[in-house]
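Please read it with the model open.

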Amino acid sequence: MKKTALLFFIALGLLFFSQSVNSQNTQEQETKRVFRHLFVEGALPYNMASINYEDRTGRLGLGFRFGVGLIEAEKPDYSGPLWKPETKTVCIIPVGINYLLGDKDFPHCIEMGAGVAFLTEGVILREQKTGKKAGIVIGHFQLMYRYQPLRQNLVFRAGFMPLWGIVTRDIMVGGGISLGYMFH
């Protein structure tokens, strides 16, 4: 639990650092609007739900995101001679970067991203044989369609979101959908 709290505060510190860097360049802020998003996201088949914050200095281009949520996965039980995985819901803290491609005057975008997610307990993403270690860090990738209207604040995302168990070397292919609010 101490590791989770430490990771959360590191992510929070990165957020405040990015805010201070943005506020130091006041002339640049006048020419470029800062776009911030708050997303509620769900992903299947791994039963993940999260709330994510995203920050970017332009409507398109590079962005940074982090969040907190819950994921359902298998926790291995090595207590007996047989493999008996137990389904468990654990806290997840995803951190990542993404890049938006599109026309600045068009509301439809392609989002590509990658990152890592820290879990409060070691889990595996899908059933494995004995001898696999449980991981507390998983990688995630995104290839998403994003609709962000030019004059409205609601944002919609849907697409391909595979997870990669860095320690367990397993991959779980899935998709996600999210609804967000954009503010400046």
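This is a predicted model: local features need pLDDT of at least 70, side-chain atom pairs count only at pLDDT 80 or more; totals for chains, interfaces and linings use all residues.

The points below cover aromatic rings, a nonpolar surface patch and one proline.

1. Local features are given only where pLDDT is at least 70, and side-chain atom pairs count only at pLDDT 80 or more.

2. Aromatic pairs. How many aromatic pairs does the structure hold? There are 3 aromatic pairs. In one of them, the ring centres of Phe-64 and Phe-66 are 6.1 Å apart and the planes meet at 45°, so this pair is classed as tilted. The angle lies between the two cut-offs, since planes under 30 degrees apart count as stacked and those over 60 as edge-to-face.

3. A second pair. Tyr-181 and Phe-183 have ring centres 6.5 Å apart and planes at 20°, so they form a stacked pair. Both partners have some accessible surface: Tyr-181 is partly exposed at 43% relative accessibility, and Phe-183 is partly exposed at 30%.

4. The cluster. Which residues form one aromatic cluster? Tyr-53, Phe-64 and Phe-66 do. Of these, Phe-66 has a relative accessibility of 8% and therefore counts as buried, the cut-off being under 20%.

5. A charge over a ring. Phe-39 has the charged end of Arg-157 sitting over its ring. The distance from the ring centre is 5.0 Å.

6. The nonpolar patch. Which strand gives the most to the patch? Strand β4 does, with 3 residues. At least two patch residues come from each of β4 (86-101), β5 (108-123) and β6 (135-147).

7. The proline in the loop. Where is Pro-149? Pro-149 is placed in the loop between β6 and β7 (154-160). Is Pro-149 buried or exposed? Pro-149 is buried, because its relative accessible area is 8% and buried means under 20%.

8. Surroundings of Pro-149. Leaving out residues up to four places away in sequence, Pro-149 touches Pro-107, Leu-154 and Met-182. The C-alpha atom of Pro-149 is separated by 7.9 Å from that of His-108, although the two residues are 41 apart along the chain.

Methods
Residues are numbered from 1 along each chain as its sequence is written. Side-chain values use heavy atoms; hydrogens and water are left out. Rings of Phe, Tyr and Trp (its six-membered ring) pair if their centres lie within 6.5 Å; planes under 30 degrees apart count as stacked, over 60 as edge-to-face and the rest as tilted. Buried means under 20% relative accessible area, exposed over 50%, partly exposed in between (1.4 Å probe, protein chains only). A charge sits over a ring if NZ of Lys or CZ of Arg is within 6 Å of the ring centre and within 35 degrees of the ring normal. Helices (H or I, at least four residues) and strands (E, at least two) are DSSP runs, numbered from the N terminus. Contact means heavy atoms within 4.5 Å.
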